[in-house]
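Please have the model open as you read.

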Amino acid sequence: MTVKVYCNRMSQPSRAILIFCKMNGIDFEEITINILKGEQHIPEYKAINPMSQVPTIVDGDFTLFESHAILIYLSRKYSGVASHWYPSDLVERAKVHSVLDWHQANLRRGSAGVILNNVLLSQNGLPSNPQAAEEAEKTLEKALTVLEIFWLKNGPFLVGRSQPSIADLNLVSEVMELELLSEELHDRILSPYKKVLQWVEDTKSATAPHFEEIHGVLFKTRKEFRMAAKSGKTECCPCWYLDH
């Protein structure tokens, strides 16, 4: 049976799930929820996800949202999924869970704050808050430091693994959202973190060609945002950073 994946490719967790499905040959139907048009709030969608967020999957009569839960479910349901994505060993699996739990309150919090204060407010013609922007950047830099010196200390992928897990997909998709920043700010924030940058490249290579394809819309939006910033133009942007 085909799994229905309700998503938007501007959403970090949506991209993680799409890459995972493509990498593992899962038969799925991608159903785009147009966040800019508010389709996440229409009754038909709220009936399957009362949180009005993406992604959501519908597998037969089973509905599931929250990206970490979705990836775990898909990893366990399909026997063809390689074991490195979600280890069968209890200790290794617990390590993957630990970084997934850390993600939401740390890397996600910092990334969302930086994108909000440096991109979305200005793109929507709203005043910026320099203090909030500074605090968000500090939160992000703290998370990137932990990622650099702890989660990536023992191997090319998270928690010392030699191949990517579902945690790598989630966290790399988060870091990739920083592509929406100005080139100067992007480089200033990320350039000190050499292990993080190499990890992103290693994950891209391990998930080729799907990584570039799924991130295509993000790269296109990056170009549009940077051109708009140079010209002083603004346009309404969706709040995909609130998705899970």
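Start with the largest nonpolar core, which has 62 residues; F20, L107, L144, L147, L158, I166 and W199 have the most contacts inside it. Helix α7 (residues 166-176) gives the most to this core, contributing seven residues. Apart from it lies another core of eight residues, including Y6, I33, I48 and V54. Keep in mind that this is a predicted model. As background, nonpolar side chains in soluble globular proteins tend to be buried together.

Now pick out L144. Leaving aside neighbours within four places in sequence, L144 is in contact with L107, I189, L190, Y193 and V196.

How do α6 and α9 cross? The axes of helix α6 (residues 130-151) and helix α9 (residues 194-206) come within 8 Å and cross at roughly 75 degrees. Angles of 65 to 115 degrees count as roughly perpendicular, and α6 and α9 are therefore roughly perpendicular to each other.

The contact of α6 with α8 divides into five nonpolar, no polar and three charged residues.

Next come the charged pairs: a search of the whole structure finds 12 salt bridges. One of them joins D59 and K77, with the closest N and O atoms 2.3 Å apart. This pair links distant parts of the chain, as D59 is in strand β3 (residues 56-59) and K77 is in helix α3 (residues 67-77), 18 residues apart. D59 is buried, at 5% relative accessible area, whereas K77 counts as partly exposed at 41%.

The side chains of K95 and E92 also meet in a salt bridge (3.3 Å, N to O). Because K95 and E92 are three residues apart in helix α4 (residues 90-105), about one helical turn separates them. K95 is partly exposed at 33% relative accessibility, and E92 is partly exposed at 22%.

Finally, look for R9, K22, E30 and E213, which are linked in a network of salt bridges.

Definitions and conventions
Residues numbered from 1 in each chain as written. Predicted model: local features only at pLDDT ≥ 70, side-chain atom pairs only at ≥ 80, totals over all residues. Heavy atoms only, no water. Axes fitted to C-alpha atoms, helices over the stretch in contact; angles between N-to-C directions. Helix = DSSP H or I, 4+ residues; strand = E, 2+ residues; numbered from the N terminus. Parallel < 35°, antiparallel > 145°, perpendicular 65-115°, else oblique. Core = buried A, V, L, I, M, F, W, Y, C linked by side-chain atoms within 4.5 Å. Buried < 20%, exposed > 50% of the residue type's maximum accessible area, 1.4 Å probe, protein only. Contact = heavy atoms within 4.5 Å. Nonpolar A, V, L, I, M, F, W, Y, C, P; charged D, E, K, R; others polar. Salt bridge = Lys/Arg side-chain N within 4 Å of Asp/Glu carboxyl O.
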